Amino acid sequence: MTALLNILAIGLLLGGIYALVSLGLNLIFGVIRIVNFAQGEFVMLGMYGALSASLAMGMDPYLSPVVVMPAMFILGCIVYRFILRPLQGEPMMQIFATFGLLMVIENGILGLTGGIGQNVSSFISSVSVRIGPIQIGLPRILVLVLASVATAALWWCLRYTLRGKAIRAVAQDRKAARLMGIDVEQIFMLSFGLGAAFAGLAGCLLAPLYTLSPQIGMNFIMPAFAVVVLGGLGSVPGAFVGGIIVGLTEALSGFYLDPALKHAVLFMVFIIVLVLRPAGLFGVSGAEEVGLREQS
Amino acid sequence: MTAASGRAFDGAAPSRSLSNYGVVGFRVELLRLIVAMAILGLIVAFYLGDTFTLNILATTFLFAGLATAWNIIGGLGGQFSLGHSVFFAIGAYVTAGFYMRLGVSPWFALAPAAVLAAIVSALVSFPVFRLRGPFFAIATMALTEVVLSLALYFESVTGGARGISVPFRRGFANMIFTDRLSYALLMMGFLAITLLVLAYIARSRLGYELRAIRDNDRTAEAAGINVVRTKLIGMAISAALMAIGGGLYMMYVRVADPPTLLSLFDIGVKVALITLIGGIGTIYGPLLGALLVVPLESMLRATLGGVFPGSNLVVLGIILILTALYLRKGIAGAAEGIYTRIRKGRRT
Amino acid sequence: MKLTRRSFGGLAIGTAAATLVNRNAWAADPIKIGAVNPYSGAMAQYGDEVTKCYELAAKVVNEKGGLLGRQVEIVRGSATSPQEAIAAVEQLVGRDKVDMLTGCYVSAISNAASEAALNYGKLFWETNALAISLTDRGLPNFARSGPSSNEFALRSVQAVLELIAPSIKKTAPDITVWIEHEDSSYGTSIKDEQVRLLKEKGVKYSVGSHSAKAIDVTDSILRAKDAKPDVWISTAYVPDTNLLLRAARDQGFKPSAIVLVGVGDTPETLSALGKEYLEGVLLVSYPRPDINPKYGPGASGFLDLYRKSYNRDPIAPQGLTAFVGLKMLFDAINAAKSIEFEAIIAGAKTLDKPVGSYETGYGVKFDKNMQNTRALPVVAQWQGGAVKAVFPPEALSEGVKVVNLPRQS
């Protein structure tokens with residue numbers, strides 16, 4: 001019983017990590033429908049951003065989003081404006097461009113750091129909390145809590161602010177949105193910028209958990225796609241629940257089956273869900289095609 | 001892919017001469033193919049003594065062949081698979097397995113490799129073909145991850161993480177040569193076969209059906225095309241050719257482990273990328289793409305690789321982004337654009 | 001300066017004279033050694049470090065007048081995969097005209113590169129790659145100067161039986177071991193040999209594997225924790241080792257001893273876990289520059305040279321083994337008085353130096369497969385934020401003793 005509780009807790013916390021990483025991708029893939037290979041690299045940049053803030057200003061990684069998120073927002077806007085927007089209507093070329101971007105960012109950081117693993121520590125790094133029979137590291141709990149808060153905040157913004165409503169409108173039907181007088185281009189740029197900023201946030205919060213390497217972004221990208229598609233494109237609560245599902249699947253199969261097989265199980269489940277319900281668990285059926293049909 | 005993307009790719013080729021296969025007959029195409037091979041042969045002859053370049057050419061031809069194989073389902077059929085490394089790996093493992101365990105010459109082991117890859121591709125594609133566009137692409141990526149995990153786990157079949165290494169026993173029957181020229185010619189042969197298959201399919205009923213599905217699968221279905229069956233056949237042929245490429249790669253490198261064979265980026269994405277750069281859906285596009293990408297990659301690695309960690313890949317990444325931005329229809333598309341402009345210029 | 005005909009003539013003569021003098025000084029063209037290593041991608045860091053130390057070894061020998069009267073030059077060839085390894089060999093031999101090849105930090109790359117080198121009749125001198133299969137091939141141009149995966153496994157099992165077992169007052173059959181390994185070639189090779197050795201001694205063990213790409217490895221730790229082992233041995237790469245240790249700390253997994261094989265001995269792990277947690281963690285590692293000078297003579301000289309050349313401390317002990325590996329190659333070349341691969345291999349076979357001859361404490365004596373039988377890693381331990389060699393006993397520096405074993409915390 002304790003073992004089960006323990007592993008469920010671990011799965012939940014891992015789900016928090018996935019939910020956090022997927023927030024940004026959900027905006028980019030869900031709204032603009034760009035398969036952004038470089039999203040994991042944005043998370044990695046966020047991590048190195050937290051590292052730089054800590055090295056340069058002695059800033060705690062949990063404070064660093066204040067600096068990192070705006071920087072990543074600007075980077076996202078630049079990337080969208082100069083690389084992805086010119087390729088609108090050519091989704092395959094966009095995939096290809098984000099792949100080029102991935103190579104540049106990953107190897108740029110490799111060149112800058114020489115590939116030496118880096119660590120960012122916070123004052124709570126090594127605190128471990130005991131809840132009943134379960135023992136958990138405080139940084140992980142913090143990730144889950146902050147992922148929930150960020151999800152709620154994003155959900156609220158999309159739901160109740162004018163810009164948020166515009167983003168949702170574009171995600172649902174960009175042609176109709178344009179007809180309603182929404183500046184679709186601007187919304188795309190905003191979404192991409194926000195997507196990058198949220199990746200930056202994820203990077204900052206995850207930095208204390210990992211040893212940073214230029215390749216770490218790659219580890220996040222595939223599960224993040226799984227989360228976004230599972231949850232339902234463009235659905236903010238969906239991505240959160242998708243994250244938790246992926247986290248639990250991974251932890252349970254790792255513990256009860258074999259850690260070496262957990263990726264196989266995870267992605268098998270993902271493929272099955274995808275085939276049975278392409279719209280994702282929380283997406284509106286058929287929504288996965290809207291916006292793909294019309295790229296202009 | 002989806003209707004939108006399909007349109008995007010042929011929409012801008014006004015004359016459609018390169019993509020309109022009906023205009024020239026198969027015989028003319030055969031002639032073109034022979035000319036293309038002759039040019040490649042001349043390039044090889046020019047670099048006869050230069051093993052460094054010959055090796056690059058061998059890799060180039062191999063990847064040109066792989067990209068051409070991918071182009072059958074990815075270009076003609078519009079199914080943007082990023083999981084072709086699975087079939088590549090099947091080819092490598094089956095060839096090595098038959099050769100090392102049963103003593104079958106790799107030349108003959110290529111056949112079961114191709115058949116197995118075709119069967120596996122049909123089995124896994126059947127459910128996945130329900131998906132469209134990026135969803136299909138992501139599902140095939142996930143498939144790569146599944147197979148990679150399984151390949152690492154089931155050591156008895158794949159040799160696990162340590163991989164397999166084929167002992168060095170030179171000889172034609174073993175498909176193991178000491179000189180790079182033999183490999184360059186071997187890979188050129190593979191390329192010729194894939195081009196022949198693609199050229200033939202492009203003119204066959206299958207090819208037209210695949211293109212109809214790419215352009216609009218619903219219209220195609222309404223027109224009486226069995227969409228799933230057509231896509232499955234296209235995929236099976238593509239996978240079989242991919243597996244042959246995998247088998248050749250295995251005998252060329254003679255050491256392979258799951259992370260190399262099932263590399264998402266070095267195989268799965270790369271074949272799609274080469275095709276896109278060259279010109280998706282065209283017959284010679286993948287070859288042109290490979291002729292640009294592979295030597296560029298090798299040269300960058302040889303000149304910059306040791307200088308500053310990662311610098312060669314930064315430069316390559318920048319070139320990829322620029323290519324995406326300025327060569328949107330691929331080299332074939334750009335060439336066609338220039339050709340049309342010249343013709344128009346003459347007329348007026 | 002305005003370039004007139006006269007000044008140009010003077011310049012030309014000057015250049016020619018300088019070339020002549022140079023020629024005399026060098027006596028002949030340099031001996032070029034191609035260094036095949038990954039300089040990009042996930043393994044770039046150690047690939048670069050290993051080659052930096054080849055360059056140091058070349059510098060040292062050049063200052064002493066070179067090799068066979070010729071200078072030594074290291075030329076880099078970048079490879080992150082077997083296919084690129086072949087391309088790198090073609091580049092180094094075909095374009096850069098190197099005389100022999102060395103490397104490498106990754107077994108799969110070494111495998112492909114050494115075969116490609118054989119095509120040209122060039123030596124491939126392996127200094128760092130671990131897979132035992134490399135020497136089992138019996139390639140005529142191949143020799144490995146450093147330890148293989150078997151030596152690492154052997155030392156880890158020795159640590160269990162000779163260091164840990166007495167300290168927890170248990171003997172071979174009663175002690176329980178958990179073998180955790182990464183699902184890479186490196187991890188599985190060492191795991192297999194560890195399993196073989198433990199079985200031989202009748203020790204009870206369980207095995208767990210994990211992916212280096214895993215976002216979370218807590219499940220692996222929980223499985224190990226459930227098995228309640230006395231000793232937890234882990235063979236992994238740097239980021240996942242750190243992740244495993246963090247999960248172990250968070251989960252309160254406290255085996256009597258923790259042994260890390262191959263990694264975990266760098267500042268990367270120290271800054272991730274802190275010196276309090278690491279206190280007493282055992283490491284099976286390449287010998288380090290701060291080893292007992294009687295065991296590894298001249299190691300501190302290497303450290304000074306490295307610091308002077310690169311303005312920092314070595315990032316990993318792999319470098320010292322690479323440095324020593326190249327010194328062994330130079331010894332073999334001096335014995336052979338030739339740079340042909342058959343002669344060098346024959347020369348290497350005549351080398352016979354006892355353990356403790358080189359900076360790493362290695363000796364040199366090749367077996368019939370050209371594996372150096374006198375290159376053994378050491379068992380070290382984290383003590384107060386520094387790594388100290390603790391086994392074999394000869395490697396212990398003065399005043400160093402084993403601490404915090406069994407682990408208290």
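Predicted model: local features only at pLDDT ≥ 70, side-chain atom pairs only at ≥ 80, totals over all residues.
Residues are numbered from 1 along each chain as its sequence is written, and chains are lettered from A and ligands numbered from 1 in the order in which they are written. Helices (H or I, at least four residues) and strands (E, at least two) are DSSP runs, numbered from the N terminus.

**Stop 1: helix 12 of chain C**

Keep helix 12 of chain C selected. Of its 19 residues, 17 are buried, so the helix is largely enclosed by the rest of the structure. A residue is buried if 20 or more other C-beta atoms lie within 10 Å of its own, exposed if 12 or fewer, and partly exposed in between, with C-beta atoms placed from the backbone. After the helix comes C:Lys337, with a positive phi near 55°.

**Stop 2: the five-stranded sheet of chain C**

Select next the open sheet of five strands in chain C, whose order is 2-1-3-4-5 and whose pairing is parallel. Two strands pair if DSSP finds at least two bridges between them. Strand 2 (72-78) and strand 5 (142-144) of chain C are the edge strands, each pairing on one side only. From one strand to the next, the twist averages 25°. Strand 4 (residues 124-126) of chain C runs parallel to strand 5 of chain C, and three bridges join them. There, C:Phe124 has C:Phe142 in strand 5 of chain C as its bridge partner.

Helix 2 (residues 44-63) of chain C lies across strand 1 (31-37), strand 2 and strand 3 of chain C, at about 165° to strand 2 of chain C. Helix 3 (residues 82-95) of chain C also lies across strand 1, strand 2 and strand 3 of chain C, and runs at about 145° to strand 2 of chain C. Axes are lines fitted to C-alpha atoms, for helices over the stretch in contact, and angles run from 0 to 180 degrees between N-to-C directions.

**Stop 3: two cis peptide bonds**

Most residues other than glycine have a negative phi, and most peptide bonds are trans. The bond from C:Gly103 to C:Cys104 is cis, with omega near -5°. C:Cys104 is in the loop between strand 3 (100-103) and helix 4 (107-119) of chain C. Another cis peptide bond joins C:Leu405 and C:Pro406, with omega about -5°. C:Pro406 lies in the segment after strand 12 (386-391) of chain C.

**Stop 4: the seven-stranded sheet of chain C**

An open sheet of seven strands in chain C has the order 7-6-8-9-10-11-12, with mixed pairing. Its edge strands are strand 7 (204-210) and strand 12 of chain C. Within this sheet, strand 9 (residues 257-261) and strand 10 (residues 282-285) of chain C pair in the parallel sense over three bridges. C:Leu260 stands opposite C:Leu283 in strand 10 of chain C.

**Stop 5: where chain A meets its partners**

Show chains A and C together. The contact takes 32 residues from each of these chains; two residues are in contact if their C-beta atoms, placed from the backbone, lie within 7 Å. On the side of chain A, helix 1 gives the most, with six residues.

Then show chain B: 43 of its residues are in contact with 44 residues of chain A. Helix 6 of chain B supplies the largest share of the side of chain B that touches chain A, 15 residues.

**Stop 6**

A:Arg33 is buried, with 21 other C-beta atoms within 10 Å.

In chain B, select B:Met175, in the loop between strand 1 (164-165) and helix 8 (180-203). Phi of B:Met175 is positive, near 60°, and B:Met175 counts as buried with 24 C-beta neighbours inside 10 Å.

Finally, select helix 13 and helix 14 (residues 285-304) of chain B, which pack at an angle of about 105° with their axes 7 Å apart.
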